[in-house]
Amino acid sequence: MAWNQLGKGYLNKNEQATDENKQPHWKGTVDFEGRAISIAGWTRSKDGRESMYFAFSENDEAPKKDETPKDGELPF
């Protein structure tokens, strides 16, 4: 089975996360087909088993790649 890579990203441990403030334990960003996507992850333990819950959101503050050149612009 061949893998088709769709993007790259990272997760960093959030040192400010506590059970009281409910911030994600892990935060990061992925570049998915030219779109900046924010990732938040929470670790959980239940019945001695650990799991991770993720939430994804589009990062509107990051510049998006525009594949179409504007009039008068060179495409490289």
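The structure is a predicted model, so a few ground rules apply: local features need pLDDT of at least 70, side-chain atom pairs count only at pLDDT 80 or more, and totals for chains, interfaces and linings use all residues. Residues are numbered from 1 along each chain as its sequence is written, and side-chain values use heavy atoms, with hydrogens and water left out.

On to the overall fold. The chain has zero helices and four strands, and from the N terminus on the elements run β-β-β-β. Helices (H or I, at least four residues) and strands (E, at least two) are DSSP runs, numbered from the N terminus. Of the 76 residues, 14% count as buried; buried means under 20% relative accessible area, exposed means over 50%, and partly exposed is in between (1.4 Å probe, protein chains only). As for contacts (heavy atoms within 4.5 Å), among those between residues at least 6 apart in sequence, 13% join residues at least 24 apart.

The four strands make an open sheet in the order E1-E2-E3-E4, with antiparallel pairing. Strands E1 and E4 stand at the edges with a single partner strand each, so one side of each is left without a neighbour in the sheet. On average, neighbouring strands are turned by 25 degrees against each other, direction ignored; axes are lines fitted to C-alpha atoms, for helices over the stretch in contact, and angles run from 0 to 180 degrees between N-to-C directions. Two strands count as paired if DSSP finds at least two bridges between them. In general, strands of a sheet pair through backbone hydrogen bonds, either parallel or antiparallel.

Now for the individual pairings. Strand E2 (residues 26–32) pairs with E3 in the antiparallel sense over seven bridges, and here Phe-32 stands opposite Arg-35 in E3. Strand E3 (residues 35–46) also pairs with E4 (residues 49–58), again in the antiparallel sense, over 10 bridges. In that pairing, Gly-41 stands opposite Phe-54 in E4.

Two loop residues have backbone angles worth a look. In the loop between E2 and E3 sits Glu-33, with a positive phi near 50 degrees despite being a residue other than glycine. Glu-33 is exposed, at a relative accessible area of 58%. Its C-alpha atom is separated by 6.1 Å from that of Gly-7, 26 residues apart along the chain. The loop between E3 and E4 holds Asp-47, which has a positive phi of about 55 degrees although it is not a glycine. The hairpin of E3 and E4 has two residues between the strands, and Asp-47 is exposed there with a relative accessible area of 74%.

Phe-32, placed in strand E2, is partly exposed, with a relative accessible area of 32%. Not counting residues up to four places away in sequence, Phe-32 touches Leu-6, Gly-7 and Ile-37. Phe-32 and Gln-5 are 27 residues apart in sequence, and their C-alpha atoms are 9.4 Å apart in space.

What about charges? Side chains of opposite charge can pair when their charged atoms come close. A salt bridge is a side-chain nitrogen of Lys or Arg within 4 Å of a carboxyl oxygen of Asp or Glu, and by this rule the count comes to one. The partners are Arg-35 and Glu-58, with the closest N and O atoms 3.3 Å apart. Arg-35 lies in strand E3 and Glu-58 in strand E4, so the pair ties together parts that are 23 residues apart in sequence. Both partners are partly exposed: Arg-35 at 39% relative accessibility, and Glu-58 at 33%.

Finally, the surface. Leu-11, Met-52, Phe-54 and Phe-56 make a nonpolar surface patch of about 360 Å². Patches are made of residues with over 30% relative accessible area and no salt bridge, joining like charges within 9 Å and nonpolar side chains (Val, Leu, Ile, Met, Phe, Trp, Tyr) within 5 Å. Strand E4 gives the largest share of the nonpolar patch, three residues. Leu-11 has its place in strand E1 (residues 7–13) and, at 32% relative accessibility, counts as partly exposed.

Note on methods:
Areas by Shrake-Rupley, 256 points an atom, 1.4 Å probe, with all protein chains shown as cover.
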